[in-house]
Amino acid sequence: MTGDVWLPFGADEIEGLPDGPNYLYWDGDQEFPGDPGECVFYVVPYMKAPAISQRPLPDMTSVQVVQTLSAGIDHVEPGLKHLRPGVRLCNARGVHETSTAELTLTLILASLRGIPDFVRGQERQEWRSGFRPALADKTVLIVGYGSIGAAIEDRLAPFELARVARVARSERTTARGPVHPLTELPSLLPEADVVVLSTPLTESTRGLVNAEFLARMKDGALLVNVARGPVVDTEALLAELESGRVTAALDVTDPEPLPKGHPLWQAPGVLISPHVGGPTSAFLPRATRLLTDQLNRFVNRQPLRNVVLMTGDTADI
């Protein structure tokens with residue numbers, strides 16, 4: 001197999017890459033490393049703006065595979081309209097589960113146990129003791145039960161929960177129990193003490209957490225968003241936070257980055273982390289293992305992993 005492979009890492013940083021392709025480095029911050037028309041396998045730079053990720057696509061007339069290094073594909077999907085039919089889009093399933101699940105648990109525990117208040121107290125040398133909610137005996141609802149949702153439940157397992165409820169686009173059964181369809185979400189929300197969002201951003205999930213969704217959450221419930229900012233209607237969330245009826249822990253926001261002066265920064269009962277679910281020390285080894293496996297499959301004409309759609313096909317793979 002000949003042709004260019006665009007990588008956001010140096011090829012010498014990745015063990016086991018197959019011989020044959022011409023490996024070129026591009027992480028979005030430089031000029032194109034070669035002619036986009038000669039690229040056959042495009043690895044999208046990680047954590048770059050959609051405009052950067054999509055910039056070479058109109059000129060990639062020979063590309064066969066577009067590989068993201070994120071679980072979500074919303075930052076690159078609009079640019080696929082420029083590609084010829086039959087190009088496979090693959091996501092990074094298996095790369096971010098560990099880090100995102102860790103952060104989810106961190107946000108839940110920090111919010112329930114009042115860690116932000118302790119930090120503020122430490123800065124002022126104030127001893128802020130008292131009773132705080134525990135995670136034990138709580139009901140957690142995971143909205144978006146793919147590989148990341150399952151990894152989150154794995155981390156929740158030792159915490160003596162009353163129940164974990166799972167919601168995904170379609171109903172199914174897992175080893176841990178049933179996964180409910182989205183249509184059952186309204187009946188599950190009033191029972192949940194913690195609602196975790198780990199769903200991809202699609203037309204059906206954009207604005208999913210609206211005023212009606214939030215109104216169904218029980219008083220005192222915690223909303224945790226490790227999905228995408230636009231899954232949540234920010235104005236509706238602000239109204240609930242300012243009333244004090246619910247709390248929130250947000251790794252993603254809408255808008256993002258959250259600008260200075262935005263009311264979310266000062267809203268009561270909210271903990272904000274700056275979209276750090278994926279970028280940890282766990283990322284690079286998992287990302288390079290995925291790329292090595294995918295490129296060996298590609299060169300040897302074997303089925304690729306994580307194919308989520310194909311250009312020219314209106315149905316997901």
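This report describes a predicted model, going through its sheets, selected helices, aromatic pairs and some single residues.

## The six-stranded sheet

Six strands make up an open sheet, arranged in the order S2-S1-S3-S4-S5-S14, and their pairing is mixed. At the edges of this sheet are S2 and strand S14 (307–310), each of which pairs on one side only. Ignoring direction, neighbouring strands here are turned by 20° against each other on average.

Within this sheet, S3 and strand S4 (residues 65–67) run parallel and are joined by three bridges. Tyr-42 has Val-66 in S4 as its bridge partner. Helix H9 (residues 283–299) lies across S1, S2, S3, S4 and strand S5 (88–90), and runs at about 160° to S3.

## The eight-stranded sheet

A further open sheet has eight strands in the order S8-S9-S7-S6-S10-S11-S12-S13, again with mixed pairing. Strand S8 (172–174) and strand S13 (270–272) are at its edges; each has a single partner strand, so one side of each is left without a neighbour in the sheet. From one strand to the next, the twist averages 20°.

S7 pairs with strand S9 (residues 177–181) in the parallel sense, over two bridges. Here the bridge partner of Val-167 is His-180, in S9. Helix H7 (residues 234–243) lies across strand S11 (222–225), S12 and S13, and its direction is at about 130° to S12.

## Helix H4

Helix H4 (residues 147–156) is mostly covered, with seven of its 10 residues buried. The buried residues are Ser-147, Ile-148, Gly-149, Ala-151, Ile-152, Glu-153 and Leu-156.

## Ser-198 and its surroundings

Ser-198 is located in the loop between strand S10 (194–197) and helix H6 (211–216). Its relative accessible area is 11%, under the 20% limit, so Ser-198 counts as buried. The side chain of Ser-198 reaches the backbone oxygen of Gly-144 at a distance of 2.6 Å.

Apart from neighbours within four places in sequence, Ser-198 is in contact with Ile-142, Val-143, Gly-144, Ile-148, Gly-149, Ile-152, Val-226 and Ala-227. Ile-148, Gly-149 and Ile-152 are also among the buried residues of H4.

## Aromatic rings

A search of the whole structure finds eight aromatic pairs. In one of them, the rings of Trp-6 and Phe-32 have centres 5.4 Å apart and planes at 50°, so this pair is tilted. The pair links distant parts of the chain, 26 residues apart: Trp-6 is in strand S1 (residues 4–7), and Phe-32 is in the loop between strand S2 (22–25) and strand S3 (39–43). Trp-6 counts as buried because its relative accessibility is 0%, whereas Phe-32, at 25%, counts as partly exposed.

Trp-6 and Phe-32 also belong to an aromatic cluster with Trp-26 and Tyr-42.

## Backbone features in loops

The bond from Asp-254 to Pro-255 is cis, with omega near 10°, and the bond joining Glu-256 and Pro-257 is cis, with omega about -5°. Pro-255 is in the loop between strand S12 (247–250) and helix H8 (263–266), and Pro-257 is likewise found in the loop between S12 and H8.

Positive phi values in residues other than glycine are the next feature. Glu-160 has a positive phi near 55° and is placed in the loop between H4 and S7. At 60% relative accessibility, Glu-160 counts as exposed. Arg-301 also has a positive phi, of about 55°, and its place is in the loop between H9 and S14. The relative accessible area of Arg-301 is 73%, so Arg-301 is exposed.

Notes. Residues numbered from 1 in each chain as written. Predicted model: local features only at pLDDT ≥ 70, side-chain atom pairs only at ≥ 80, totals over all residues. Heavy atoms only, no water. Phe/Tyr/Trp six-rings, centres within 6.5 Å; stacked < 30°, edge-to-face > 60°. Helix = DSSP H or I, 4+ residues; strand = E, 2+ residues; numbered from the N terminus. Buried < 20%, exposed > 50% of the residue type's maximum accessible area, 1.4 Å probe, protein only. Polar contact = N/O pair within 3.5 Å; in protein donor to acceptor, adjacent residues only side chain to side chain. Contact = heavy atoms within 4.5 Å. Pairing = 2+ DSSP bridges. Axes fitted to C-alpha atoms, helices over the stretch in contact; angles between N-to-C directions.
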